[in-house]
Amino acid sequence: LCLFFNLLVIALEEKIITSKPGDNATLSCIYQGKELHLKNLRVYWQIADDQEECSVVHALISGQDSESEQCIHFKNRTQLFWDRLEKGDFSLLLLNVSQSDKHRYKCVVLQKTEYTRVIHQAEVVLRLAASYSQPILSGPIRNSDSTEEEVTFSCRSGNGYPEPNVYWINKTDNSHLPPSELKISRHADGTYSVFSMLKVKATSNMQIECSVENRILQENLSANYTQQKQSNDSSTESHKTLEKSRRSAQAAGIVSIVILIGLLAVLACWLRRRRSSKLVSY
């Protein structure tokens, strides 16, 4: 049932809200006028961007929910905030949001006094989005069955919406690399997980980045691998330092032994002289 009112033109307030699949979303519709009496009101929430046969999301007539006109898709999934209605808050709680709920919604509030007139209208655009988890980059793994020096990287992320864009980037020149495999899986709650693999020729200074983009949220999460050029040099330097320390310790030990031998020789000489002196006296 589509509602058309030719009584009063009211400027529409429009909001965009973002919800994660499976969560609850609140569609805002707040009237800033004086206090209202529910028995004189009619509140309609409708789908505004479709010309389908059924467009009524929720209806409140004379202070009572009216389910006779409500679309089956929204049965038992919508609620008004009863403690806020007389204060002009006609926001709608939509339960268990799914992909099929992505619409432009319109709130129309009518007041009946001497005649029925529209006192408030609002539009809310509901979009679905969820941030992806921080990508996990694994590798490089050498491919033993490859004739060339080829390595494999893998990248995974999940619990996001909508389907992501995945990019492999060679950070040495910022060029894009084609993935060797890309799998996007959808979960029961409507969110997605992504797994991608990259096979590239190994180099001495590999710098690889895996980037997962959520275009709706304008988020770009990335994980990086950088091969340390100086890793071998550092290892060699550490080895040299260790060897130097070992040699220093050996030298210190030898010096200590020499000193000890010298002291023993002095002591032996002193004892011999003392003994000789006693014999002469005797």
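This is a predicted model: local features need pLDDT of at least 70, side-chain atom pairs count only at pLDDT 80 or more; totals for chains, interfaces and linings use all residues.
Three disulfides are counted in the model. With the bonded cysteines counted along the chain, these links follow the pattern 1-4, 2-3, 5-6.

One of the disulfides joins C29 to C107, with the two sulfur atoms 2.1 Å apart. The angle about the S-S bond is -65°, and the link between C29 and C107 is left-handed. C29 is located in the loop between β2 (25–27) and β3 (41–47), whereas C107 belongs to strand β8 (residues 104–112), so the bond ties together parts that are 78 residues apart in sequence. C29 has a relative accessibility of 0% and therefore counts as buried. For C107 the relative accessibility is likewise 0%, and this residue also counts as buried. Both assignments rest on the cut-off for burial, which is a relative accessible area under 20%.

A further disulfide is formed by C54 and C71, whose sulfur atoms are 2.0 Å apart. The link of C54 and C71 is left-handed, with -115° about the S-S bond. C54 is placed in the loop between β3 and β4 (56–61), and C71 in the loop between β5 (64–65) and β6 (78–80); the pair therefore ties together parts that are 17 residues apart in sequence. The accessibility classes of the two partners are as follows. C54 counts as partly exposed, at 27% relative accessibility, while C71 is buried, with a relative accessible area of 6%.

The disulfide between C155 and C210 has an S to S distance of 2.0 Å. About its S-S bond the angle is -80°, and the link of C155 and C210 is left-handed. C155 lies in strand β11 (residues 150–160) and C210 in strand β16 (residues 207–214), so this bond ties together parts that are 55 residues apart in sequence. C155 and C210 are both buried.

Accessibility was also computed for C269. This cysteine counts as partly exposed, with a relative accessibility of 31%.

Methods. Residues are numbered from 1 along each chain as its sequence is written. Side-chain values use heavy atoms; hydrogens and water are left out. A disulfide is a pair of cysteine sulfur atoms within 2.5 Å. Helices (H or I, at least four residues) and strands (E, at least two) are DSSP runs, numbered from the N terminus. Buried means under 20% relative accessible area, exposed over 50%, partly exposed in between (1.4 Å probe, protein chains only).
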